[in-house]
Each structure stands twice: as structure tokens, then as C-alpha cells.
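Please have the sequence and the model open while I talk, and let's walk through a few local features together.

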Amino acid sequence: MVPLALLILIAGELAVYTTGAHYFLDASCGTAIVFACGAILGLRAGIVAVTWAFAWTYRSPARILSTGATLRMIVGEYLAFLLLFVCILPFERLWMGPDRLRQSTRPLLLVHGYGCSRGVWWLLRKQLEAAGHTVATLSLSPPYTSIGKLVPQLERRIEEVCRATGADQVVLIAHSMGGLVSRSYLARNGRARVERLITISSPHAGSELARLGFGQNAREMEPGSLWLTDLAHEAVKVPFFSIRTPHDNYVMPQDNQRLPEAEDIELPALGHMSTLFTPRTFKAIMACFGKSKQS
């Protein structure tokens, strides 16, 4: 659903911008196409700029970065955003083949975040498989429904992965909202099918940016929402690790990624989407496999 919607959106933007440049600016066909591509890139730069404005306004105390490090972080986040929402997700079928499930005692199941699909795991899936792991993914839909309504989809995928691999349990690795879906699953179903939970940039206590989001899940991710308040009373009764960036530009205040029961793993000088593409995240995930922190 998300890949098709993004593909239609980009095609529509190209058509509108090209036509507008041709008829209103009297641009040639080639110039109009260049203008349209620039407009697409500019619009996404504006979206990323809005997230950083919110991140600065609602920032948690964190180490101040140098000007150079700040610029590298912002540019890196912009490039990660373009890679995901212009290149990978709209053309997910070209980037992501079927999951390669085989016999395994410890399969990994990757759970994506808000407004995305399984395509966000393109690089991390390759890295984890290269390290010898059996990796499964899923796409949650529809993208803007209640988080609770996504939990049965995760439950079905966990059961499918266990049957396909012969495993009794999976390791859940979740980005952003996927961490909340995973915690909600554990609250409903207990620990029988989950060995451990690793979240990446998850808004465990919500995010102020969610107030600008679409859908019931965005309302549920607003700080202080009834949904988050209820979830906070449910302990995560498996080893639990929270990989986070103190400079996140989607989860703010950034300390909302912290939970007392989770082992906190800090990756500074990264944006929200950038955590999906940095080698530091892969190394942090691998390190979590050898730990046994219990809530």
C-alpha cells in the first residue's frame, strides 16, 4: 500500500511540476523536467527542515555538536530521507525480494515504523543476513490506523516465521513506531514467542511531532495519550534494548526514547532515518545478541 501510494505521489508531482514549468514559465521540455526534479528535492528538504525545527524546539539535554558535525548530521538525514521515500519505498519490489526463511533457532523479525513498509530494512536485512542470521520482515497496513489494529498482523507474522524456521521464538527488531507495536504485542501475548526486543529510535513516551501526523496511530503517539499511558503500565518481560539517538529529529523530546526497563544504547549525531543506514546501528544490534538484560 505505502509503496504504491508513494509511487503515485511522485508521478503526480512530476506531472504537475513539469506541466506548470512548461506552461507558466515557458520552459522547454528538458528544463521543465529538471525544474520538476528540483521541486521534488526541494519539497523534501522542506519536510526534513520542519522535523529539525521541531527537534530543536522540543530538544532534550544532550551533548552539543560542532557546526561541522551538525551539518553532516542534517545532510545525512536528508539523504536518508530521499533514499527511503524517493528511491527505495516507491520501488520496493526492485529492492526487496521475498524473505529467505530457513531452519533457524533464532530468527529475526524486523518491524517498521509509521508511514513506511518493509523496504526500510533493505540495508540492515542484507547486513544481518551476511552475518549469518535468518531475517523476516512484514509490511503493516493500513498505514494510519490504530497501533492496536496492527498487532494481529505482527502476531500472524511471528507464527508464520516460527513455523517456517522451526523456532520457538523470534527476536523482534523494531524501528520507530514498530517498537510500540512490538510492546503492544508483548502486552497482549506475553513472552512465549519473543526471545528479546530491540527498538531503534522508538517514541516510547511519544513525540511532539506526532501532533502533525495523520491517522489514529499519530494521535496515539502524542505524549500523554491514553494509549501510551495504558501501554506504560505493561512491563516488557523479555530482555529489552533501546537503541536511540539523542539528536533524533522525529522523536522529541529525544529522551522519550528512553524506558527505565530497557538497556539504553546511545548513538549520537544521527537523525531518525539515518539510524537505518549507519554501520553503528548494525554493530549495536549485534552487541545486543550477546547480552541478557532482563526487565
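Let me begin with a question: in which helix do Glu-160 and Arg-157 lie, and how many residues apart are they? Both sit in helix α6, which covers residues 147–165, and they are 3 residues apart, about one turn of the helix. Helices here are DSSP runs of H or I with at least four residues, strands are E runs of at least two, and both are numbered from the N terminus.

A quick word on the background. This is a predicted model, where local features need pLDDT of at least 70 and side-chain atom pairs count only at pLDDT 80 or more, while totals for chains, interfaces and linings use all residues. Residues are numbered from 1 along each chain as its sequence is written, and side-chain values use heavy atoms, with hydrogens and water left out.

Back to our pair. The side chains of Glu-160 and Arg-157 form a salt bridge, 3.0 Å from N to O. By salt bridge I mean a side-chain nitrogen of Lys or Arg within 4 Å of a carboxyl oxygen of Asp or Glu. Arg-157 is buried, at 15% relative accessible area, whereas Glu-160 is partly exposed, at 36%. For these words, buried is under 20% relative accessible area, exposed is over 50%, and partly exposed is in between, with a 1.4 Å probe and protein chains only.

Across the whole structure, a search finds 16 salt bridges. Another one links Glu-222 and Arg-211, at 3.3 Å from N to O. Glu-222 is in the loop between α8 (216–220) and α9 (226–232), and Arg-211 is in the loop between β4 (194–200) and α8, so this pair ties together parts that are 11 residues apart in sequence. Shared partners also join Asp-99, Arg-118, Arg-125, Arg-157 and Glu-160 into one network of salt bridges.

Now for the backbone. Most residues other than glycine have a negative phi, and most peptide bonds are trans. With that in mind, look at Ser-141 and Pro-142: a cis peptide bond joins them, with omega about -5°. Pro-142 lies in the loop between β2 (135–137) and α6. The bond from Met-252 to Pro-253 is cis too, with omega near 0°.

Finally, where is Ser-201, and is Ser-201 buried or exposed? You will find Ser-201 in the loop between β4 and α8, and at 0% relative accessibility Ser-201 is buried. Its phi is positive, near 55°.
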